[in-house]
Amino acid sequence: MSPSSSTDYILSLSQKSNNNNRIAPEMYAEKDVKRGLRDINGNGVVTGLTEISEIVSKKKDKNGNVEPCEGKLFYRGIDVRDFVRGFMSEKRFGFEELTYLLLTSELPTERELAEFREAIASYRTLPTAFVRDIIMKAPSRDMMNALSRCVLALYSYDSDPDNIEISNVMRQSLQLIARFPLLAVYGYRAYRHYHLGRTLIIRNPRPELSTAENILLMLRTDGKYSDIEARVLDLALVLHAEHGGGNNSSFTTHVVTSSGTDTYSSVAAALGSLKGPRHGGANIKVVKMFDDMKENVNIKNDGEIKDYLVRLLNKDAFDKAGLIYGMGHAVYSVSDPRADILKNCAKDLAFANGREDDYDLYCKVSRLAPEIIADRRKIYKGVSPNVDFYSGLVYRMLKLPEELFTPIFAVSRISGWSAHRIEEIQNSGKIIRPAYIAVKERRDYTELGKREK
């Protein structure tokens with residue numbers, strides 16, 4: 001092996017980089033830099049306007065002071081609670097209806113919704129060569145990487161990939177929205193077959209079924225699922241579909257789209273963002289945390305649960321990160337409306353599947369954790385369960401493999417990303433280019449023979 005490719009050489013280069021490229025933390029305050037595009041209070045720096053969704057977590061009191069309030073989420077101006085109540089009360093699946101709303105800013109009529117579902121169903125196919133050559137050959141152990149690779153490869157199967165006229169981007173968006181469930185499930189099936197030696201099952205989706213139903217149909221070995229399972233998964237898709245332009249993956253969509261690039265590159269970039277554990281992987285951390293809790297604590301004893309939560313914050317339990325996963329949110333403080341909605345459905349699903357003890361444990365932690373966090377971390381703005389707190393439990397009860405937790409998030413969020421990409425193009429914004437302040441001292445160039453070793 002060449003010395004320049006040895007482990008020791010790579011470590012030496014890394015050490016030099018670490019020694020020479022550290023920016024003093026105090027410089028960010030001195031230069032008034034909003035790290036993470038957040039101000040000193042943790043509020044996001046305004047970088048754009050959007051009509052797609054609105055998050056409300058604060059309100060002004062009668063004296064004009066800003067204070068936290070019950071969280072609200074609006075899709076195209078419609079309260080998500082009202083939207084969910086509407087389709088669930090009529091026993092309809094809501095994800096396709098929401099996607100229509102996000103893309104057009106209109107609630108579809110019965111005829112329009114039927115036409116839209118037909119359009120999605122017609123795009124819910126993949127070329128045989130694509131499945132064979134892209135999905136089945138050299139499948140990835142990471143499903144988000146597999147999704148990204150598949151999305152980029154679809155560029156080659158598009159007869160007009162670089163055209164960013166809205167009609168063409170809309171067509172590409174509908175195709176991706178329809179195909180994401182296939183890419184995720186088929187990718188998982190290929191991984192199980194080639195890396196775990198499991199039976200390879202590729203089941204075609206059925207055009208008359210909803211997105212949620214088709215996911216369960218294709219994923220289950222026997223293709224069977226209950227009505228409540230399909231409806232709870234559909235609800236989870238609705239609640240994860242969109243969350244403002246400021247979340248990392250949606251902002252990534254705006255940034256990359258502003259360069260004028262193609263749809264496939266934009267979506268692949270968003271997928272890369274969502275893969276990060278600080279964004280899309282939180283629900284996996286939640287379920288693993290609860291697994292660890294059940295192994296080490298008597299979950300019937302509130303005192304032991306409290307002690308475990310304290311040890312989590314003290315970095316003495318689970319992954320020693322000092323976090324109680326699923327508690328708290330960058331925007332919401334009093335409550336996350338998505339978590340409130342999903343909690344009720346998680347209860348129904350738990351009782352339908354004999355998982356009452358699991359649901360009761362989650363409820364105990366959701367009650368105890370905010371008190372402990374407020375006391376130990378001196379956080380007074382309020383801490384509440386976020387949507388990831390319950391989505392992991394729901395996915396477990398739906399028997400979804402952990403490898404697909406974040407890809408299912410992507411299956412949902414592709415609707416929001418598509419809406420944000422279209423919005424960025426429609427408003428003809430400038431390329432997004434925030435400023436960085438250079439803080440390295442200037443120095444003279446030294447000739448090669450005069451440099452010290």
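At what angle do the axes of helix 15 and helix 16 cross, and within what distance do they come? They cross at roughly 155 degrees and come within 8 Å. This is a predicted model, in which local features need pLDDT of at least 70 and side-chain atom pairs count only at pLDDT 80 or more, while totals for chains, interfaces and linings use all residues. Residues are numbered from 1 along each chain as its sequence is written, and side-chain values use heavy atoms, with hydrogens and water left out. Helices (H or I, at least four residues) and strands (E, at least two) are DSSP runs, numbered from the N terminus.

**Helix pairs**

- Two packed helices are described by the angle between their axes and the distance between the axes.
- Axes here are lines fitted to C-alpha atoms, for helices over the stretch in contact, and angles run from 0 to 180 degrees between N-to-C directions.
- Helix 15 and helix 16 are therefore roughly antiparallel to each other (under 35 degrees counts as roughly parallel, over 145 as roughly antiparallel, 65 to 115 as roughly perpendicular and the rest as oblique).
- Helix 15 brings Lys343, Ala346, Lys347, Ala350 and Phe351 to this contact, and helix 16 brings Glu356, Tyr359 and Cys363 (contact means heavy atoms within 4.5 Å).
- By class, the contact of helix 15 with helix 16 has 5 nonpolar, no polar and 3 charged residues (Ala, Val, Leu, Ile, Met, Phe, Trp, Tyr, Cys and Pro count as nonpolar, Asp, Glu, Lys and Arg as charged, and the others, Gly among them, as polar).
- Helix 8 (residues 166–196) and helix 18 pack at about 175 degrees, their axes 9 Å apart, which makes the two helices roughly antiparallel.
- Residues in that contact include Met170, Ile177 and Phe180 of helix 8, and Ser415, Trp417 and Ile422 of helix 18.
- The contact of helix 8 with helix 18 divides into 15 nonpolar, 4 polar and 1 charged.

**Helix 13**

- Helix 13 (residues 282–296) has 15 residues, which at 1.5 Å a residue should span 21 Å, and its end C-alpha atoms are 21 Å apart, which agrees (the expected span is 1.5 Å times one less than the number of residues).
- Among the buried residues of helix 13 are Ile284, Val287, Phe290 and Met293 (buried means under 20% relative accessible area, exposed over 50%, partly exposed in between, with a 1.4 Å probe and protein chains only).
- The buried residues of helix 13 pack against helix 14 (302–313), helix 16 (356–377), helix 17 (387–397) and helix 18 (405–426).

**Leu103 and its surroundings**

- Leu103 is found in helix 4 (residues 95–104) and counts as buried because its relative accessibility is 10%.
- Leaving aside neighbours within four places in sequence, Leu103 is in contact with Arg76, Phe116, Met170, Leu174, Ile177, Ser415, Ser418, Ala419 and Ile422.
- Leu103 and Asp222 lie 119 residues apart in sequence and 34 Å apart in space, C-alpha to C-alpha.

- An open sheet is formed by 3 strands in the order 1-2-3, with antiparallel pairing (two strands pair if DSSP finds at least two bridges between them).
- Strand 1 (53–60) and strand 3 (78–79) stand at the edges with a single partner strand each, so one side of each has no neighbour in the sheet.
- Strand 1 and strand 2 (residues 66–75) pair over 7 bridges; Lys58 has Pro68 as its bridge partner, and Val56 stands opposite Lys72.
- In the hairpin of strand 1 and strand 2, with 5 residues between the strands, Gly64 takes a positive phi near 85 degrees.
- Strand 2 and strand 3 pair over 2 bridges, with Tyr75 standing opposite Ile78.
- The hairpin of strand 2 and strand 3 has 2 residues between the strands, and Arg76 there takes a positive phi near 50 degrees.

**Positive phi in two loops**

- Phe318, in the loop between helix 14 and helix 15, has a positive phi of about 55 degrees although it is not a glycine.
- At 23% relative accessibility, Phe318 counts as partly exposed.
- Lys399, in the loop between helix 17 and helix 18, is a residue other than glycine with a positive phi near 60 degrees.
- At 56% relative accessibility, Lys399 counts as exposed.
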